[in-house]
Amino acid sequence: MDEKMMLTYNRASLKMIRNNLHVYATEASEPAAQNTYHESMMKIDDLLANIDQKLKQL
């Protein structure tokens, strides 16, 4: 598997995880849990931006 394909696969997986976290965040009743989900989503957004940048370089 070449680098571009691996990054594309990882990007798709991260987007799916992020979407699941978004659902969990909206369903969470405790503010602390919501904040934790949102922080995780922001970290994934950073990873997605890095992957997108690398894919543009390839």
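These are my notebook entries on what I looked up in this structure, which is a predicted model.

**Entry 1: the start of the chain**

I began with methionine 1. I found this residue in the segment before helix H1, and the helix covers residues 3-27. Is methionine 1 buried or exposed? Its relative accessibility is 71%, so methionine 1 counts as exposed, because the exposed class takes in values over 50%.

Next I looked up the surface around it. Met1, Met5 and Met6 make a nonpolar surface patch of about 370 Å².

**Entry 2: salt bridges**

I then turned to charged side chains. I reminded myself that side chains of opposite charge can pair when their charged atoms come close. How many salt bridges does a search of the whole structure find? The search finds three, and I took them one at a time.

*Lysine 54 and glutamate 3.* I noted a salt bridge between these two side chains, at 3.9 Å from N to O. Lysine 54 sits in helix H2 (residues 31-57) and glutamate 3 in helix H1, so this pair ties together parts that are 51 residues apart in sequence. The pair is listed because a nitrogen and a carboxyl oxygen have to be within 4 Å to count, and I wrote the 3.9 Å beside that cut-off. I also checked how open each partner is. Lysine 54 has a relative accessible area of 31%, so I put it down as partly exposed. Glutamate 3 is partly exposed too, at 42% relative accessibility.

*Aspartate 52 and arginine 11.* Here the closest N and O atoms of the salt bridge are 2.5 Å apart. Aspartate 52 belongs to helix H2 and arginine 11 to helix H1, and the pair links distant parts of the chain, 41 residues apart. For aspartate 52 I wrote down 27% relative accessibility, which means partly exposed. Arginine 11 has a relative accessible area of 25% and is partly exposed.

*Arginine 18 and aspartate 45.* The side chains of these residues meet in a salt bridge of 2.5 Å, N to O. Arginine 18 is in helix H1 and aspartate 45 in helix H2, so to speak two distant parts of the chain linked across 27 residues. Arginine 18 counts as partly exposed at 22% relative accessibility. I was curious why 22% is not called buried, and the reason is that buried means under 20%. Aspartate 45, at 30%, is partly exposed as well.

**Entry 3: aromatic rings**

How many aromatic pairs does a search of the whole structure find? It finds one. The partners are tyrosine 24 and tyrosine 37, with ring centres 5.9 Å apart and planes at 45 degrees, so the pair is tilted. Tyrosine 24 lies in helix H1 and tyrosine 37 in helix H2, 13 residues apart, and their pair links distant parts of the chain. Tyrosine 24 is partly exposed, with a relative accessible area of 42%, and tyrosine 37 is partly exposed at 27%.

**Entry 4: a proline in helix H2**

My last stop was proline 31, which lies in helix H2. Its relative accessible area is 56%, so proline 31 is exposed.

Key
Residues are numbered from 1 along each chain as its sequence is written. This is a predicted model: local features need pLDDT of at least 70, side-chain atom pairs count only at pLDDT 80 or more; totals for chains, interfaces and linings use all residues. Side-chain values use heavy atoms; hydrogens and water are left out. Patches are made of residues with over 30% relative accessible area and no salt bridge: like charges are joined within 9 Å, nonpolar side chains (Val, Leu, Ile, Met, Phe, Trp, Tyr) within 5 Å. Accessible areas come from the Shrake-Rupley method with a 1.4 Å probe; for residues, only the protein chains shown count as cover. Helices (H or I, at least four residues) and strands (E, at least two) are DSSP runs, numbered from the N terminus. Buried means under 20% relative accessible area, exposed over 50%, partly exposed in between (1.4 Å probe, protein chains only). Rings of Phe, Tyr and Trp (its six-membered ring) pair if their centres lie within 6.5 Å; planes under 30 degrees apart count as stacked, over 60 as edge-to-face and the rest as tilted.
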